[in-house]
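Here are my notes on the model you sent. Please read them with the structure open beside you.

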Amino acid sequence: MSVEPHSTAALHTEGHFVIPSTGKKRLSLKLGFSFFLFGLINNVLYVIILSAALDLVPPSTPKGIIAFCNIAPALIVKLGWPYFLKGRIRYARRIVACCTLSFIGMLVVAFHESLYSRLLGICLASFSSGLGEMTFLQLSTTYSRSVGGRSVGYFASGTGAAGIVGAFMWWELRGLGVSTGVGISAVLPFVLPLAYFFLLPRPAAFMHQSSSTSYTLVPADDLETEIDDDLSAQDDVESRVEPKVTVRLSAADKWRLVKPMLLKYMLPLFCVYTLEYTINQGVAPTLLFPVPSHGLLSKIIHSTRDYYPLWQLVYQTTVFFSRSSISLGLKTLPAHLLPAPAIIQFAILLLLVFESAVGLLPEDREAGSIFLVFILISIEGVCGGLAYVNVFYCINQEQPDPASTHNPDVIKQEREFKIGSIGFADSSGILLASILAVPTEMELCRAQVTRGKYLCQGL
């Protein structure tokens, strides 16, 4: 396809490539804020439920059961939906459905005191969260690769912010009780359809900027990317005016797309999430120390029950900063370094298990032990966030299969499928971790009691 002289790919000035700038900043801000809100609201209820685990179940119930019900339905969605859904994605319907399911689920958790009713409500919210995450990541592929990459970065930043907001919200709301605290959070999902319908710029809006009369200089090195984006946008428009032909990926097509991603993307993501959620749900509840009587910690820690939400807050804060790395303009991890976060987290898991079971520092140096746990959980959060944002960014930026480049509809569905199918890896890792967390927490508590430390029995 040729590029017209007045298009984005036509103007050059002394080694620079000229692209339009009028309205571009405003569109980029709206795009970034929209995807940030999608990540924030879609994940915040998930974090609130995890942070409230101690308050949602009786003391004798392992907190891992909350993690299990909070991820199993999401895993079912991510495993089934991309592989069995055929044809185009109806984003508006999905987003409205996610909002409705989350609202109902949180109301069930808020106003039913029985354990089984609360677990049912958590399952509904989990189903919605899993469908929402997959939907918004797929939505990023409807834009050109440069715009879609930024969308993934902002979405990941929003999911990271959800950790801080969710943990902080429950830290503040838990004093109101489960019914009031969870009930207040139930209104948050309504932000999703509002952002989608009234804030998010459509993909065509970025292509229309090519007709602007004001221009910005861009280094010539970016020429190839910009031309690719311009052609993608033109192909998208042409596919709308041509007669519609139903395009559906077959099971063989989907397996062909998944196979090269198994070791490259899915395995590192699976390992990262298995390790970090084993730490968060199985080890962190046992990282308990006497209540400090003086110093800064005494103003934060008022009972042994405060340690668990504190560790969650530390973890979520570091996850936010690492998931925001792309939106902050930092370089992405090279593909060959994607397994590195999992290796580091494995070492952290071993150290925290040892600290919980026997103590890394003498018992008379509890402040040092608390600081050590703080550092290790911070590194754990950084590794988890970097793994998430870099894997999904890499998938978003992958070039289409040469065999399908002749058909824009096939390219579109392949991009949507690939980024949607990868979520199975992190959700299955979390599910495995929730299963491992139950015996891990029980055995670590038993080890503490054996050495005369009974704090875990008082939660």
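1. K78 forms a salt bridge with D426, and their closest N and O atoms are 3.3 Å apart. The term salt bridge stands for a side-chain nitrogen of Lys or Arg within 4 Å of a carboxyl oxygen of Asp or Glu. The pair links distant parts of the chain. K78 sits in helix α3 (residues 64-84) and D426 in helix α18, 348 residues apart. Helices (H or I, at least four residues) are DSSP runs, numbered from the N terminus. Both K78 and D426 are buried. Buried means under 20% relative accessible area, exposed means over 50%, and partly exposed is in between (1.4 Å probe, protein chains only).

2. A word on the source. This is a predicted model, where local features need pLDDT of at least 70 and side-chain atom pairs count only at pLDDT 80 or more, while totals for chains, interfaces and linings use all residues. Residues are numbered from 1 along each chain as its sequence is written, and side-chain values use heavy atoms, with hydrogens and water left out.

3. How many salt bridges does a search of the whole structure find? The search finds eight. K78 and D426 also belong to a network of salt bridges, together with E133.

4. K418 and E398 make another salt bridge through their side chains, at 2.5 Å from N to O. K418 lies in helix α17 (residues 408-421) and E398 in the loop between α16 and α17, so the pair ties together parts that are 20 residues apart in sequence. K418 is buried, at a relative accessible area of 14%, whereas E398 is partly exposed, at 21%.

5. Is E416 buried or exposed? E416 counts as buried, because its relative accessibility is 2%. K412 is partly exposed, with a relative accessible area of 29%.

6. Now the cysteines. A disulfide is a covalent bond between the sulfur atoms of two cysteines. The cut-off used here is a pair of cysteine sulfur atoms within 2.5 Å. A search of the whole structure finds one. This disulfide joins C445 to C456, S to S 2.0 Å. C445 lies in helix α18 (residues 423-450) and C456 in the segment after α18, so the bond ties together parts that are 11 residues apart in sequence. The torsion about the S-S bond is about 80 degrees, so the disulfide is right-handed. C445 is buried at 16% relative accessibility, and C456 is buried at 12%.

7. C69 is in no disulfide. The nearest cysteine sulfur belongs to C123, 4.3 Å away. C69 is buried, with a relative accessible area of 9%. C383 is buried as well, at 6% relative accessibility.

8. Next, the interior. A nonpolar core is a set of buried Ala, Val, Leu, Ile, Met, Phe, Trp, Tyr and Cys residues joined through side-chain atoms within 4.5 Å. The largest such core has 110 residues, and F38, L56, W311 and L352 touch the most other members. Which helix gives the most to this core? Helix α1 (residues 24-51) does, with 14 residues.

9. W311 deserves a look. Leaving out residues up to four places away in sequence, W311 touches A284, L287, F289, I370, V373, F374 and I377. Contact means heavy atoms within 4.5 Å.

10. F374 turns up again on the surface. I344, F371, F374, I375 and I379 form a nonpolar patch there, with about 430 Å² of accessible area together. Patches are made of residues with over 30% relative accessible area and no salt bridge: like charges are joined within 9 Å, nonpolar side chains (Val, Leu, Ile, Met, Phe, Trp, Tyr) within 5 Å. Areas come from the Shrake-Rupley method with a 1.4 Å probe; for residues, only the protein chains shown count as cover. Helix α16 (residues 366-397) gives the most to the patch, four residues. I344 is found in helix α15 (residues 340-357) and is partly exposed, at 40% relative accessibility.

11. R145 lies in helix α6 (residues 145-173) and is buried, with a relative accessible area of 9%. The C-alpha atoms of R145 and N396 are separated by 6.9 Å, while the two residues are 251 residues apart along the chain.

Methods:
Helix = DSSP H or I, 4+ residues; strand = E, 2+ residues; numbered from the N terminus.
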